[in-house]
Amino acid sequence: MKRSSHVILTSHNSQVYKDSLPIKWGAATALERGPVIGSLTDTTKRNAIGTHSGSYTVYRALSIAQGRYATNHKPDLHNTESPVKIGPHASWFDAKKMVSIDPWGFDVPIHFQKYFADGYDVRPTVAVTQAHLQIPEIYEAVDQGRLKIDGKIINENKDIKITKVAFEPVWYLPGIAERLGVDEGELRKILFQETGGMFPELVTRPDLKVMLPPIGNTTVYIFGNPQDLAKPDVELTCRVHDECNGSDVFGSDICTCRPYLIYGIEDAARTAQRGGVGIIAYYRKEGRALGEVTKFLVYNARKRQAGGDSAATYFHRTECVAGVEDARFQELMPDILHFFGITKIHNLHSMSNMKYDAIVKSGIEVVNRISIPENLIPPDAQVEIEAKKAKGYFNPGAKKTEAELAAVKGRPIDE
Ligand SMILES: [Zn+2]
C-alpha cells in the first residue's frame, strides 16, 4: 500500500462537505438526530471530531502504519446486534441527560439502516452481549449460603449469568461545557492545547459539536432483566465503580476497590434473585483519572512522608504529586445510568458524595446508600477508608477526629 506523505488538514475551509449530515443532539427520533460519523473511510461524510475506539484508535493507526490494516476497511456488522432490547427511553431524546455517550450509537444498523443504504460508514459506539462470570468470592458466597443456586441468575456451577454493555465515549461539547460549568470555546481551546494540538477542528470547526475523545470506555454488567432497570418499582441495586487495576484484578491491599466491587456484584446478584435488578458500571478512570504512574508515585510519597502513611494526609499527598486530588468528573458519570432509563436506585453502593450528588442532581432518586462492610476492608486500606470518612464520604459510623485520624497508619514502604 502506497500512501502519500503529505496530510490535508481537515481544518481547511474547503473541507466542509455537503454529504456531512447534521447532528441534532436530543432530537425526537434517531433519523432526525442523525448518526455520528467518525469513520475515516469517506472523510467527506464525517460530522465529528476524532475517530472511533477511544484510546485504541492509536493502535489502529500503528496497524495502518505497518500496512497490516486496510484504511478502506468497513466493519461487517452482520449478526452483531444486541441479544436483548434496550430503549429507546425518554432520556434518549433529551439533549441534557446524556452528553458523554451516544444512545444512538447502539444497534446502528437498525436505527440508521437508511444511511447504510446510502453508503455512510456508521460505527457503533455501544455494544451489548451476554456472559457468565466466574468469581472466587461469589463461589464462597454460594458456599456460605449468602447466594443461592437458582439456575436463572446463578448456575449449578455457581457462575453468574449477566448482560454486559460496552460504551465508547462520545462527547457533545456544548453539553460537556455546560455540565462542567465552563465556556464551550474555552473548553475546545484547552482540549486542543493540552493534547499537544491533537485535534485542530476543536478550534477551527466550531460547527462540529461532537467529539470522539481518545480516552477509556465504560462497561456495564447487568444482573437480571435489563428492561427492569427503567422500572422505578423494581428494586434496583447499583454500584458505580472507577477502575483500580491493582486491587480489582491483582488483589493489591492498599485500597478497598476489589472488596467493594465484589460486594456490589454479590448484592446485585442477590437483588436480581429476589425479583429486582442489579447494575455495576465500571469506568476506566484509573487512579481517580490521574493514571497509574501518578498513583504509584503517590503510594511511595505517602509511605515515605514524615510519620509514615497516614489518613490525615491521604488527599493532600495526591494533590502534591498530581496537581489535583481527583480528575474523574463524576458530573458525567450518570449518563451511563440514563442510557438504561434509570430514574430510581433503591440501593446505591458508594460512599462517595461526589457520585451521590451527581446521580441525584441528574434527576435519579436514591433510596439507600450502602457502604462497604467493615470486615471486608484490608488492614492496609484503613488509611484510605478513614481519610474518606473524615472527608465526608458516606458512612453510618462516627467520623474520626484529627488526632484519631493521624493515628491510622499504613504499612511502611519496605514491608
Ligand atoms: Zn483501589
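**Reading the features**

A: Asp 118 is partly exposed, with a relative accessible area of 44%. Please keep in mind throughout that this is a predicted model.

Q: Which side chain does Asp 118 meet in a salt bridge?

A: The general idea is to look for a side-chain nitrogen of Lys or Arg within 4 Å of a carboxyl oxygen of Asp or Glu. Here the partner of Asp 118 is Lys 114, with an N to O distance of 3.6 Å. Lys 114 is likewise partly exposed, its relative accessible area being 44%.

Q: How many salt bridges does this rule give?

A: The count comes to 31 salt bridges. One of them joins Glu 137 and Arg 258, at 2.8 Å from N to O. Glu 137 belongs to helix 5 and Arg 258 to helix 10 (residues 257–273), so this pair ties together parts that are 121 residues apart in sequence. Glu 137 has a relative accessible area of 26% and is partly exposed.

Q: Arg 205 and Asp 207 also meet in a salt bridge. Is Arg 205 buried or exposed?

A: The side chains of Arg 205 and Asp 207 meet at 2.7 Å, N to O. Under 20% relative accessible area a residue is called buried. Arg 205, at 9% relative accessibility, therefore counts as buried, whereas Asp 207, at 47%, counts as partly exposed. Salt bridges can also share partners: Arg 146, Glu 266, Asp 267 and Arg 270 are joined in this way into one network.

Q: With which residues is Phe 340 in contact, leaving aside its neighbours within four places in sequence?

A: The contacts of Phe 340 include Ile 86, His 89, Val 165, Phe 167, Val 220, Ile 222 and Ile 279.

Q: Let us turn to the metal. Which protein donors does the zinc ion have?

A: The protein donors are the SG atoms of Cys 244, Cys 255 and Cys 257, lying 2.1 to 2.2 Å from the zinc ion. The spacing of the donor residues in sequence is C-x10-C-x1-C. Cys 244 is in the loop between strand 7 and helix 9 (245–248), while Cys 257 is in helix 10, 13 residues apart. Both Cys 244 and Cys 257 are buried.

Q: What does the UniProt annotation say about residues 227–370?

A: An annotation comes from a record, whereas the geometry is computed from the model. The unreviewed UniProt entry labels residues 227–370 "domain: GTP cyclohydrolase II". In the model this span is 42% helix and 18% strand, and its end C-alpha atoms lie 24 Å apart.

Q: Where in the backbone do residues other than glycine have a positive phi?

A: Here one examines the backbone torsions. Ser 53 has a positive phi of about 85° and is placed in the loop between strand 1 (49–50) and helix 2. Lys 158 has a positive phi of about 75° and lies in the loop between helix 5 (136–143) and strand 3 (160–167). Ser 53 is partly exposed, at 23% relative accessible area, and Lys 158 is partly exposed at 24%.

Q: Finally, in what order do the three strands of the open sheet come?

A: The order is 1-5-4, and the pairing is mixed. Strand 1 and strand 4 (171–172) are the edge strands, each pairing on one side only. Strand 1 and strand 5 (residues 210–212) run parallel and are joined by two bridges. Gly 50 stands opposite Leu 212 in strand 5.

Notes
Residues numbered from 1 in each chain as written. Predicted model: local features only at pLDDT ≥ 70, side-chain atom pairs only at ≥ 80, totals over all residues. Heavy atoms only, no water. Helix = DSSP H or I, 4+ residues; strand = E, 2+ residues; numbered from the N terminus. Buried < 20%, exposed > 50% of the residue type's maximum accessible area, 1.4 Å probe, protein only. Contact = heavy atoms within 4.5 Å. UniProt positions renumbered as here; feature names shortened; annotations may be inferred. Donors = N, O, S within 2.8 Å, 3.2 Å for Na, K, Ca; no water. Pairing = 2+ DSSP bridges.
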